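Student: I am new to this structure and should like to be guided through it. May we proceed by question and answer?

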Amino acid sequence: MKQALKIVIGLALIAAGVLWILTILGVLTFEFSTEGWWTLFIIVPCLFGLINDKDKVGPCIGIGWGVLLLLAARDVISWNMMWQIGLAVMIIGFGIKILLVKNCSCHGVCEQKTISRDGKEIRCIEASFGKQEISFVGEKFEGADVQASFGAVVLNLKGADMANEAFIDLNVGFGGVTIIVPEGLAVQIGASSSFGGVTDSRYSKVVTGTPLLVVTGKVGFGGVEIRN
């Protein structure tokens, strides 16, 4: 964090010095003003993200939006032009990110970790701009937090060790999740959806009994399929 702060301060001082020199030479006409100061709350965190995060495209898009908002607030460009350029910047950024995706079984941003919550071991799974396939064969499964944005996740629960009740909490936006369950597993669906949905494609739809899988969360502009 200290190193990132030093880099941000250093870049800010360099930029200020260059602007000052260009103003002295008459290349730029720059006057100090507090208009648009609030855009720093967007630009500065994105600068830290650009330095610290593995994903560089997201922070770059954020910095681009922050600079455009600053220019619009100072009447350098119109607000209508700002929105048009901002959308173009997002499209370019997503295009660059897709080009950088490697062709492998887990590409894009795929992260997994296990945390302890309420005495249960919870698997946290995230997939962005890629696909992740996870099998729990021979593993104890008590719950999972699944996030999919512009990506896909396949969870195979066949052969998993489920004692009584387990859950899957979804956060899906512009993505898809497939949950493969064994025959006889009871499934209760409580996920909310907007511009998306949850499809139960099981051959035998058991909803009560044990073991029980409870599916909750939010699905927006995406889809979730549960099948055998």
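Student: Which residues form the nonpolar patch on the surface, and about how much accessible area do they have together?

Tutor: This is a predicted model. The nonpolar patch on the surface is formed by Trp37, Trp38, Phe41, Trp79 and Trp83. Together these residues have an accessible area of about 650 Å².

Student: Is Trp37 buried or exposed?

Tutor: Trp37 lies in the loop between helix H1 (2–24) and helix H2 (40–52). Its relative accessibility is 52%. Exposed means over 50%, so Trp37 counts as exposed.

Student: How many salt bridges does a search of the whole structure find?

Tutor: The search covers the whole structure, and the number of salt bridges it finds is four.

One of the bridges joins the side chains of Asp145 and Arg117, with an N to O distance of 2.5 Å. How many residues apart are the two partners?

Student: Asp145 belongs to strand E4 (residues 143–149), whereas Arg117 belongs to strand E1 (residues 109–117). The pair therefore links distant parts of the chain. The partners are 28 residues apart.

Student: Glu142 forms a salt bridge with Lys140; is Lys140 buried or exposed?

Tutor: The closest N and O atoms of Glu142 and Lys140 are 3.5 Å apart. Glu142 counts as buried because its relative accessibility is 16%. Lys140 has a relative accessibility of 60%, so Lys140 counts as exposed.

Student: Arg202 forms a salt bridge with Asp200; how far apart are the closest N and O atoms?

Tutor: Both partners, Arg202 and Asp200, are buried. In their salt bridge, the distance between the closest N and O atoms is 2.8 Å.

Student: What span should helix H3 have, and what is the distance between its end C-alpha atoms?

Tutor: Helix H3 comprises 17 residues, 57–73. The expected span is 1.5 Å times one less than the number of residues, so H3 should span 24 Å. The distance between its end C-alpha atoms agrees, being 24 Å.

Student: How many of the 17 residues of H3 are buried?

Tutor: H3 is mostly covered. Its buried residues include Val57, Ile61, Trp65, Leu68 and Leu69.

Student: Which residue just after H3 takes a positive phi?

Tutor: The phi in question is about 60 degrees. The residue just after H3 that takes this positive value is Asp75.

Methods. Residues are numbered from 1 along each chain as its sequence is written. This is a predicted model: local features need pLDDT of at least 70, side-chain atom pairs count only at pLDDT 80 or more; totals for chains, interfaces and linings use all residues. Side-chain values use heavy atoms; hydrogens and water are left out. Helices (H or I, at least four residues) and strands (E, at least two) are DSSP runs, numbered from the N terminus. Buried means under 20% relative accessible area, exposed over 50%, partly exposed in between (1.4 Å probe, protein chains only). Patches are made of residues with over 30% relative accessible area and no salt bridge: like charges are joined within 9 Å, nonpolar side chains (Val, Leu, Ile, Met, Phe, Trp, Tyr) within 5 Å. Accessible areas come from the Shrake-Rupley method with a 1.4 Å probe; for residues, only the protein chains shown count as cover.
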